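Here are my notes on the model you sent.

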Amino acid sequence: MSVSQKSNWELLKNGMFGENTIFRMAISLCPSIAVTNGMKNGVALGVSVVFVQTMVNVTVSLIRSFIHPKIRIPIFMLVIAGYVTIIDMLMATYARAVYKEIGLYIQIIVAFASIFARAEVFASKNRLLPSAIDGFGMGVGFLLAMIVISFFRELLGKGELWGYSFVSGNPLLIMILPAGGFLAVGLLMGFFNWIDMRFFGGKGASGV
Amino acid sequence: MAEAKTHELVVSVSPHIRGKETVGRIMWTVNLSLLPAFIMSVYYFGPRAVYVTGLCIVASVLFEHAFQVSLKKKTTIGDGSAFLTGLLLGLNLPASSPFFIPIIGSFIAIVITKLLFGGLGYNIFNPALIGRAFLLISFPKLLTTWTEPTAKFIDMDAKTTATPLGILKEEGLVRLMEVFGSKTELYKSLFMGSTAGSLGETSAIALLIGAALLLARGYITWHIPVSYVATVGALAWVFGGEGLFTGDPLIHILSGSLILGAFFMATDYVSGPTVRKGQLIYGIGCGAITMLIRLKGGFPEGVMFAILLMNCFAPLIDRAVKPDLFGAVKEQKK
């Protein structure tokens, strides 16, 4: 078993920036386009992912020595599905309005590549605390990405922020349609690559 | 030293004899060939035509210059391609467009569609058409508010009306005949350009004069425009009427932005196929999608989306019809 040598702060930073789910790994893009037409929806899904990702990492890390390697994938799947059901029911009860719009995507969290990947490559090989921090960092990275994307899409597409009307005039309707989602994700990904290359000496997501 | 130079052996790569054609020369000629259409748009729509088209051109050129200067690259506004993009975008907008429409459209066309993909020659889509598609989806109401052509060079009291294709789609052929009187009157209006529509698309005669210049200079070949227009005509004849084979091909050929699209935008070197056989397939595909949208789709006009969709297929078409290399042996089938 390989144990992570990184400090806790490095783990957190890695999930939020270095291996950001959307902008660096380019996985779980489906929800980033589907639910980011408003900040409320984007944040709701992001918070759900933070919860599921952290709890899955904690659980998998706790039971890692009991999982037979041959059946680890179904086990991960069961754990993830369990937590997604919890968040699904919680949202259905306490956040009815948001749930009506993004309920389907809450259930789709089960199939998120990022959650699965962290359980497989990190939580099943590391102790409890690093796993929890890694899951939390990854989740927050996803949440930040959702906030940034939905900020621009809601502002440009509706002229609103968090449901409050902000600017009057003609909004760019395309930005809240799926085409605008691709546009926003692509441009932001390019922008963050540029920041990485310009200020941190990185190679950008494509330069691996 | 001067004597030594004459004995130098000059070794250079081919081509050893250079033609006079450059990107700039071709682009400025295309700009020139759109002049008749622009004049007709000014004639019918008045100062608004100059305002909208001029704003598009200025914004396009400025965006290209600013982007390239800010990245410390050589500016390419001299080759006329940004000017052409602005001109085509302007001719594709309605006369009543408010000032922010040309500016946003030019930004999308130049910066997002062309320069972010690497500049002229690397863009996979026609920049002017992406600019317009973005605007149409963003501002569906403003982009489909057509003013009536007055031919009086006045700006005020411009009445809004529907395009011939819009009337055909919403109210049918009978109503279209009522508006224009007779079929010959309708053809005449469509041919001269005294119908509502985007600035540069209405006048078939002006566009054909420009297209004739391009064809005579050999800058475009007949393959794409002819296969495009013929497909539209054939499909209009077969499916355009009440029953099969009763449609009126001329209405569909002359109205909308078909002539503008087929001769000036589908023939874009960068976003279309280069092999002749491929160009025929490309034209037929454009025509089929155009008629599919016009007859069955939600929009009255489909030229823009047809060309953009076929832009996606251009590399695949080129690959499928790639001619055999000279002297190459065909692989034996086993």
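1. Terms and conventions. Two residues are in contact if their C-beta atoms, placed from the backbone, lie within 7 Å. Helices (H or I, at least four residues) and strands (E, at least two) are DSSP runs, numbered from the N terminus. This is a predicted model: local features need pLDDT of at least 70, side-chain atom pairs count only at pLDDT 80 or more, and totals for chains, interfaces and linings use all residues. Residues are numbered from 1 along each chain as its sequence is written, while chains are lettered from A and ligands numbered from 1 in the order in which they are written.

2. Chain A overall. Chain A has 8 helices and 2 strands. Their order from the N terminus is α-α-α-α-α-α-α-β-β-α. The radius of gyration, taken over C-alpha atoms, is judged against a globule rule of 2.2 Å times the number of residues to the power 0.38. For 208 residues the rule gives 17 Å; chain A has 18 Å, so it is as compact as a globular protein of that length. Its C-alpha atoms fill a box of roughly 60 × 45 × 25 Å along the principal axes.

3. Burial and contact range in chain A. A residue is buried if 20 or more other C-beta atoms lie within 10 Å of its own, exposed if 12 or fewer, and partly exposed in between, with C-beta atoms placed from the backbone. Of the 208 residues in chain A, 40% are buried. Take the contacts in chain A between residues at least 6 apart in sequence: 72% of them join residues at least 24 apart.

4. Chain B overall. Chain B has 16 helices and 2 strands. The C-alpha trace spans about 80 × 60 × 35 Å along its principal axes. Buried residues account for 47% of chain B. Among its contacts between residues at least 6 apart in sequence, 71% join residues at least 24 apart.

5. The two domains of chain B. Domain bounds come from an automatic or database domain assignment. For chain B it gives domain 1 (23-143) and domain 2 (165-318). Their centres, taken over C-alpha atoms, are 21 Å apart. Domain 1 puts 34 residues into the contact and domain 2 puts in 28 residues. On the domain 1 side, α2 (23-33), α3 (35-45), α4 (47-70), α5 and α7 each supply at least two residues. The largest share, 8 residues, comes from α3(B). By class, this side has 24 nonpolar, 9 polar and 1 charged residues. Here Ala, Val, Leu, Ile, Met, Phe, Trp, Tyr, Cys and Pro count as nonpolar, Asp, Glu, Lys and Arg as charged, and the others, Gly among them, as polar.

6. The largest nonpolar core. A nonpolar core is a set of buried Ala, Val, Leu, Ile, Met, Phe, Trp, Tyr and Cys residues joined through C-beta atoms within 7 Å. The largest has 132 residues; A:Val52, A:Val56, B:Leu129 and B:Ile307 touch the most other members. Helix α7 (residues 128-158) of chain A gives the most, 10 residues. Both domains of chain B contribute, so the core lies between them. Beyond four places in sequence, the contacts of A:Val56 include A:Val79, A:Tyr83 and A:Ile115.

7. Helix α7 of chain B. Which residues of α7(B) are buried? Among them are B:Leu129, B:Arg132 and B:Phe134; in total, 11 of its 12 residues are buried. The cover includes α5 (81-91), α6 (100-115), α14 (258-265) and α16 (303-320) of chain B.

8. The segment after α16. B:Val321 is found there, in chain B. B:Val321 is partly exposed, with 17 other C-beta atoms within 10 Å. Leaving aside neighbours within four places, B:Val321 is in contact with B:Val275, B:Lys277, B:Gly278 and B:Ile281.
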